[in-house]
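Here's a short walk through a model, one piece at a time. Keep the picture open while you read.

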Amino acid sequence: MGFNPCVNIRKEWDIVGARQLGREHAKELGFGTVDQARIATAISELARNIYLYAGTGKVCFEIINQLDKKGLKIIAVDKGPGIRDISQVMQDGYSTSGGLGAGLPGVKRLMDHFEIRSDSGEGTEIEAIKWVR
Amino acid sequence: MRIPILKLHNYLLISIQIDLDDQTAIQFQEDLLNKIHKSGATGVVIDLTSVDIIDSFIAKVLGDVVTMSDLMGAKVVLTGIQPAVAMTLIELGIHLQDVQTALDLEQGLIKLRQELEG
């Protein structure tokens, strides 16, 4: 199976496309069903944030192969309005869209590594890694 | 895409067998409430056996439809939530506390009957 590194997020259906592709990559890498669900859910949250707040962007995948471990890296990038206060969006229950506010803090809990870079007006880049156990 | 809603006596049965996108989920919410209104159903079972991902949006739609149905006088039971889905939901921070659940469709119907017929 070929490795498709990125999914463009332009319409709502792309959220489903991104998480399905992510789950396939996770399966091929040898993740168990629970981790596959964690990864697919994390991708779904990240892709929805792009769609809701930036309109367009992309979700990319990278396989990390290190001597002692391998993992899947998800990179979600958009050129949207950015996040003014990152500590605020990382709080459980904070939402500007009427959602549950579970998105980003949830993604952080589902994944092993989580990094967010954002500047107001410059867009947002989020990197999340799950290691194969 | 529309999710089929089946009527069985005064219950409605739904088995979600597709990867839910946001639009389909919202359409389902509306369809179910209309069907409750038209059929006068008093109980609803939504079976999630084939659903392998529930993210925060889908969870919100499901939680909302339970509350909305309750407002209309119909009790909803969610059934068949997979282990991986249950774990993911809790890690996401979603507890769906006021939602009735059961292991499978059969248990869901038993639960409804107990609740509705006392």
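In this predicted model, look for A:V77: across in β5(A), the residue bridged to A:V77 is A:E125. That pair belongs to the link between β3 (residues 70-78) and β5 (residues 123-131) of chain A, two antiparallel strands joined by 8 bridges. In general, strands of a sheet pair through backbone hydrogen bonds, and they can be parallel or antiparallel.

Chain A has an open sheet of 5 strands, and if you walk across, the order is β1-β2-β3-β5-β4, with antiparallel pairing. At the edges sit β1 (6-9) and β4 (113-119) of chain A, each of which pairs on one side only. Going from one strand to the next, the twist averages 15°.

There's a helix to spot here too. α2 (residues 33-54) of chain A packs on the sheet, where α2(A) touches β1, β2 (57-65), β3 and β5 of chain A. Its direction makes about 10° with that of β3(A).

Next, the place where the two chains meet. How many residues does the contact take from each chain? Chain A puts in 24 residues and chain B puts in 19 residues. On the chain B side, α1 (22-39), α2 (56-72) and α3 (83-92) of chain B each supply at least two residues. The top contributor on that side is α3(B), with 6 residues.

Methods
Residues are numbered from 1 along each chain as its sequence is written. Chains are lettered from A and ligands numbered from 1 in the order in which they are written. This is a predicted model: local features need pLDDT of at least 70, side-chain atom pairs count only at pLDDT 80 or more; totals for chains, interfaces and linings use all residues. Two residues are in contact if their C-beta atoms, placed from the backbone, lie within 7 Å. Helices (H or I, at least four residues) and strands (E, at least two) are DSSP runs, numbered from the N terminus. Two strands pair if DSSP finds at least two bridges between them. Axes are lines fitted to C-alpha atoms, for helices over the stretch in contact, and angles run from 0 to 180 degrees between N-to-C directions.
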